[in-house]
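Here are my notes on this model. Please read them with the structure open.

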Amino acid sequence: MSERFLVVPVAHADESAFGGEADGDSVFDAGGGEGERAERRGSVPILQYSREPNKYGDGTPRESSPFIHNTDDYKGTLYDGKNMALFEEEMDSNPMVSSLLSKLANYTNLTQGVREHEEADEDEGAKKKTVKSPQMGTFIGVYLPCLQNILGVILFLRMTWIVGTAGILESFIIVSMCCSCTMLTAISMSAIATNGVVPAGGSYYMISRSLGPEFGGAVGLCFYLGTTFAGAMYILGTIEIFLTYIVPSAAIFKAEEKALEAEAMLNNMRVYGTCCLTLMAVVVFVGVKYVNKLALVFLACVVLSILAIYAGVIKTIFEPPVFPVCLLGNRTLQNHGFDKCMKTEIIDNVTVTTKLWSLFCEGPELNASCNEYFNLNNVTEIQGIPGLTSGVISENMWGSYGPAGMMVEKALPSVPATPSSQDQYMPYVVNDITTFFTLLVGIYFPSVTGIMAGSNRSGDLRDAQRSIPIGTILAILTTTIIYLSCVVLFGACIDGVVLRDKFGDSVKGNLVIGTLSWPSPWVIVIGSFFSCCGAGLQSLTGAPRLLQAIARDGIVPFLEVFGHGKANGEPTWALLLTALICESGILIASLDAVAPILSMFFLMCYLFVNLACALQTLLRTPNWRPRFKYYHWTLSFLGMSLCLALMFISSWYYALVAMLIAGCIYKYIEYRGAEKEWGDGIRGLSLNAARFALIRLEEAPPHTKNWRPQLLVLLNLDSELSVKHPRLLSFTTQLKAGKGLTIVGSVLEGTYLTRETEAKRAEQNIKSTMAAEKTKGFCHVVVSSNLRDGISHLVQSAGLGGMKHNSVLMAWPGNWRQSNDPQSWKSFIETVRETTAAHQALLVAKNVDSFPHQERLSEGTIDVWWIVHDGGLLMLLPFLLRQHKVWRKCKMRIFTVAQLDDNSIQMKKDLQMFLYHLRLNAEVEVVEMHDSDISAFTYEKTLVMEQRSQMLKQMQLSRTEREREAQLIHDRNTASHAVLNDKADATPERVHMTWTKEKFFTERNRNREPNANVAVRDLFNMKPNQSNVRCMHTAVKLNEVVVNKSQGAHLVLLNMPGPPRNRGGDENYMEFLEVMMEGLNRVLLVRGGGREVITIYS
């Protein structure tokens, strides 16, 4: 038998090294008992001998956990023999694929909706029962709910009236348009719903995650309002059926006159509607499970009612139902106050008047005074339901629109009479509202809504990505067939005057669609009543949950209170708000007035579903991979256009109001809402638009008229990585006024790998400072081996394409003289050179900490000293500053310098004319600077400057020489001054900088060539360079003039001279600039970028 040794951690004495107990031969049992194991516990791994090689295989670790670091017990042991050792260090952040798949397999997408609320109710604080995985299929989970939500109140109460008013052809167009709209929307919705898992939340979730929080919140609230008003519409439908067809005697308000009947009916609707809403709200509050249990009953009512209609249609072929309609001339009469359709009848050979006579005449006598039209025309009786084979379809083919109060007439010959005001009190069937095509579209559209019912149940479906498209599209096809067939069948079976009789007054107050049904009109009446009740309850159940989902997303701050509810999650507060909004719809009291309102909100929701699909398809987002393949962006675009057209067809003013509401919500979320990153399509659209604009911008540089400073602001950070000069950002805000590009950059010294965390912290600090200073722009922190290279990288590479900076703003290094490190001012000069080479403007602010923050400056001046022309930037900057409220009250003054041979009067006139053409308001002053002798002060200042410069050059030794020199000095001091031993640890820099002339000669002579004495001697006996003297003279004279004229100015803008070509004079250049700005508080040195930035042309 072969043998092998295994390395076994003793820390797990109770288990074998590779999972599970060894069967009596554990490697730990080789020696000692339990006590011995305890002693070894915690020690280092030991080498154990094993005679069973096949038992352990090749050292495969335990695989009980999907992740490698599952518990602390496994740490340090699981990697023994691991064949993924190369990836060990990344396992914490990047799990193994096997463990990821294990997690996904255990994932269930149960809705956090009604099911959990029911379980919480039933548990009553007990332990939560195990949630079963969803089992609903396509038929039960999507098809039937969609069918139930689509078919409803409009079909039963208004469909016959729409067919009669619009005619079969126009009704067919209305139904086709609305059904096409929902079908196209369903295709778009199917694509979105199958593009990944859609949790509970349905349409709101889909829209918000596809179009972003602003659109999502706006459309989500519109959908919520639509669902709430749908509840009001269903309740009004319920009450209309109850008061008109079931118990008309239950009316509280009764009209004494016919003209007041409509108003009395509206008041009855308000009272009963409010009571019904209260009752339904209580049912929903007590428990949603009751609503869900009744859903099947309500669905059965709808299906039975539709089957009764089709059965009635078939029956009319053989035996049409008897519903006689009484006509006076060609006018339809209300069949309420009389029983026989005749003026007189013969009883016992005596002619007597009927009840109909009494309605039109002043008495029952034959010689009584009667209505003129009644006298001139005969009474006829026709069949209200002539049947499918009667040929009435040709009469109902065309529409019959008219104003409110217009009588419903049949195309029969009649004798006209003089129009009388008494006609309105006669028992004629009249239009209750003015009818026209677009009104009918708005009233009909709610009958095709409800297509989201399947997607709202996405969490309860076994396979949502398969069920939602199939179930929704099949439901829409089914309902479309039902609606289109109903249009044709109603027109073919029912007489036109009965179709146009909205409330069935001509057929003894029967529901018109009920007259067609078999076996009895009551099948439709009772079925539609319960159908409307169920739809109302479901609206009151769904709307609060939708509002709760929006509130819990936190995108609309003032709605957060509606995210709370009962202990089991029931949205109590949301239900209360829903009931209040629903009550406002009930107070309108007219089904025909409420229907267009909810049409608007649903159409807006569908419009954005189509937009979301079209946008994702056109942008080709990498994550856009729907399983549903039968979609195209053109279909989505067509659906979106159809939704928009239907909105304005139905009611242009309601459409505008709905858009205004959505727009206000959008802007509110954008302004106050929480920032959410949902990977939405609008962000993708913004990126595409930005890319397109950047490519266009790069084609050509901007014209002079469009030129504005696009700033790169170079910031210094302190040791805490905070911004040293936040007022530089304030000045940026004032200069930019939120327009154009601002890039705020900073440099950290080091390597990115070691300072990555600090770089991110610095970026956060800069962003928070930018927010505090109201600076809109981008932040860019670079880590570089040295400051010089970092700034160079920023100047060269900040920005993108055409959106690159053209100007650099930085603070003047105020303490450059005191700094031990010359790199600070050398970096500044190199930045000046680089911006010049890159043809970028440079702005340098002196005493930037004294610049104004947000406080408005009192009246004062911004003084511009225009010495050389560098593109006109000096004139443009004050104009831009004065656009901001801080500098608005400041006046602009321009000073220019005249030489000896200049005509200062003419110069002033020319400059004033130039400013006039530039449309700039400014005072102009020409300052004369005559040649004068160089003063002793200037000479001495130049000499001191050059001596200091020369001394620093002599002091710049290499690091090795400095350390060696310091060590020599340290050794000599130790030998000669034993008393000062405690001071022997002085830093080399301190020792090196203790200058005396003797030490300088002694130490230099030891390690340097003999001619060093000459250099030091020159240092104290040198004469200043004539070029430097002239430059210093200019700086001193210019400073005198500027201080004399502009010492009290709020801001002084000066031309910035360029650095010397010879780098040896860099420090002298700094000195010249310092002298030029001496005695001035706020100064902005300006150096142009080599192009014209201001023009006199329009």
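1. Ile494 touches Thr160, Gly384, Ile385, Pro386, Val392, Asn396, Leu499, Val512 and Leu516, leaving out residues up to four places away in sequence. Contact here means heavy atoms within 4.5 Å.

2. This is a predicted model: local features need pLDDT of at least 70, side-chain atom pairs count only at pLDDT 80 or more, and totals for chains, interfaces and linings use all residues. Residues are numbered from 1 along each chain as its sequence is written, and side-chain values use heavy atoms, with hydrogens and water left out.

3. Ile494 is among the residues with the most contacts inside the largest nonpolar core, which has 164 residues. Others in that group include Met233, Tyr444 and Phe608. A nonpolar core is a set of buried Ala, Val, Leu, Ile, Met, Phe, Trp, Tyr and Cys residues joined through side-chain atoms within 4.5 Å. Helix H8 (residues 202–246) gives the most to this core, with 23 residues. Another core lies apart from it, with 54 residues, among them Leu715 and Trp887.

4. Asp505 sits in the loop between helix H16 (496–499) and helix H17 (512–516). Helices (H or I, at least four residues) and strands (E, at least two) are DSSP runs, numbered from the N terminus. Is Asp505 buried or exposed? Asp505 counts as buried because its relative accessibility is 18%. Buried means under 20% relative accessible area, exposed over 50%, partly exposed in between (1.4 Å probe, protein chains only). Beyond its neighbours within four places in sequence, Asp505 contacts Gln334, Asn335, His336 and Val429.

5. An open sheet of 3 strands runs in the order E4-E3-E7, with antiparallel pairing. Two strands pair if DSSP finds at least two bridges between them. Strand E4 (331–332) and strand E7 (379–383) are the edges. Leu328 stands opposite Arg331 in E4.
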